[in-house]
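Here's a quick tour of some helix packing and charge pairing. Have a look at the picture first, then work through the points below.

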Amino acid sequence: MERVVDPIAPVAQASNGKGQLVAFAVMVAVLVVAPAFVYPVFLMKALCFALFACAFNLLVGYGGLLSFGHALFFGWAGYVAAHMAKVGTIKLPYPVGWRMWEWLTLPLPPLTPELAILFGTAAAAVLGLVAGWLAIRRQGIYFAMITLALAQMMYFFALQASFTGGEDGIQGVPRGKLFGVIDLRNEAAMYVTVVVVFLAGFLLIYRIIHSPFGEVLKAIRENEPRAISLGYKTERYKLLAFVLSATIAGLAGATKAIVFQLASLTDVHWSMSGEVVLMTLVGGLGTIFGPVLGAAIIVGMENYLAGFGEWVTVLQGAIFVVCVLLFRRGIVGEVAHLLRIKL
């Protein structure tokens with residue numbers, strides 16, 4: 001029997017690809033000209049959170065796994081990167097008997113910013129592997145609660161640990177010289193570095209989503225029992241998606257620590273996990289560009305509405321309610337639906 005090919009499908013795919021290419025070009029153009037009109041430090045903060053939101057969207061928007069503890073990877077990557085850039089020395093505990101521990105000291109010098117960021121990203125990947133291995137055994141609200149519990153456990157550890165600085169955090173983190181050449185104390189050099197990190201993370205997520213792995217991940221999101229019946233080891237796919245999301249979130253957190261020369265408890269608090277959920281939903285869950293716009297909106301509100309004090313959170317809540325009622329797919333999701341393209 002001859003197979004009938006839908007003549008509209010290739011045209012739709014070409015339209016979607018062209019729409020995403022145009023949107024990416026517009027985003028890059030905005031990043032190039034924005035420093036002439038907006039304070040670069042604000043832009044760098046927005047880009048770090050945009051990458052964080054994109055990493056979270058990879059997990060919940062394409063994997064269907066809602067995490068309430070993603071601040072664990074974002075914040076702890078920042079702590080590790082800040083410590084490695086400022087101090088360098090690593091102390092690791094190891095057992096020497098029943099309930100007896102000793103410390104193995106690795107006397108490393110303070111690292112260059114690229115190595116500090118890599119250390120922070122690697123730490124987030126390890127934490128993601130452990131947390132994911134524990135969490136993916138459950139589904140739905142139980143999965144979300146396990147991630148929240150693990151994040152809170154690590155939050156209290158950060159509060160008590162000596163190298164994190166407790167409530168003071170790690171302050172005065174040197175930006176250093178990138179690859180020993182580019183002085184990141186220069187705002188322009190720091191901004192270009194953050195843009196490159198963001199675009200690299202964004203393109204990596206785009207490639208993951210449009211790979212065979214990404215297609216299987218979407219199938220698991222839509223109907224996991226059917227994916228299992230087709231022979232896919234869904235737990236392995238979900239664990240890999242969790243680790244990838246945690247790793248990219250860690251890249252964002254480590255970069256932010258270098259940019260602001262600070263790692264604090266704010267980035268590991270449960271409210272940070274809620275904030276990234278808000279960014280993703282406002283921009284558009286399950287869209288490529290939605291988390292970027294959502295992060296820009298939320299960070300912009302926090303910056304320009306700071307004069308309202310505690311009322312900022314009330315205004316954020318009101319805007320979130322309006323977006324949920326008027327833009328069920330998020331802002332970018334609604335625009336993509338009206339234009340009949342994928343963004």
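Let's start with a term: a residue is buried if its relative accessible area is under 20%, exposed if over 50%, and partly exposed in between, using a 1.4 Å probe and protein chains only. The model is a predicted one, so local features need pLDDT of at least 70 and side-chain atom pairs count only at pLDDT 80 or more, while totals for chains, interfaces and linings use all residues. Residues are numbered from 1 along each chain as its sequence is written, and side-chain values use heavy atoms, leaving out hydrogens and water.

**Helix 11 against helix 12**

- Helices (H or I, at least four residues) and strands (E, at least two) are DSSP runs, numbered from the N terminus.
- The axes of helix 11 and helix 12 come within 10 Å and cross at roughly 150°; axes are lines fitted to C-alpha atoms, for helices over the stretch in contact, with angles from 0 to 180 degrees between N-to-C directions.
- That crossing makes helix 11 roughly antiparallel to helix 12, a label for angles over 145 degrees.
- On the helix 11 side, Ile 298, Met 301 and Glu 302 make the contact, and they meet Val 312, Leu 315, Gln 316 and Ile 319 of helix 12. Contact here means heavy atoms within 4.5 Å.

**Helix 13**

- Val 332, Gly 333, Glu 334 and Ala 336 are buried in helix 13, which covers residues 331–339.
- Among the parts covering those buried residues are helix 10 (270–283), helix 11 (290–304) and helix 12 (311–326).

**Salt bridges**

- Searching the whole structure turns up seven salt bridges, each a side-chain nitrogen of Lys or Arg within 4 Å of a carboxyl oxygen of Asp or Glu.
- Lys 238 pairs with Glu 224 in one of these, with the closest N and O atoms 3.2 Å apart. Lys 238 sits in helix 9 (residues 234–260) and Glu 224 in helix 8 (residues 224–229), 14 residues apart.
- Lys 238 counts as buried because its relative accessibility is 3%, and Glu 224 is buried too, at 16%.
- Lys 256 and Asp 267 also form a salt bridge, at 3.1 Å from N to O. Lys 256 is in helix 9 and Asp 267 is in the loop between strand 6 (262–263) and helix 10, so the pair ties together parts 11 residues apart in sequence.
- Glu 334 and Arg 329 form a salt bridge at 3.4 Å, N to O. Glu 334 is buried at 14% relative accessibility, whereas Arg 329 is partly exposed at 40%.

Definitions and conventions: Angles under 35 degrees count as roughly parallel, over 145 as roughly antiparallel, 65 to 115 as roughly perpendicular and the rest as oblique.
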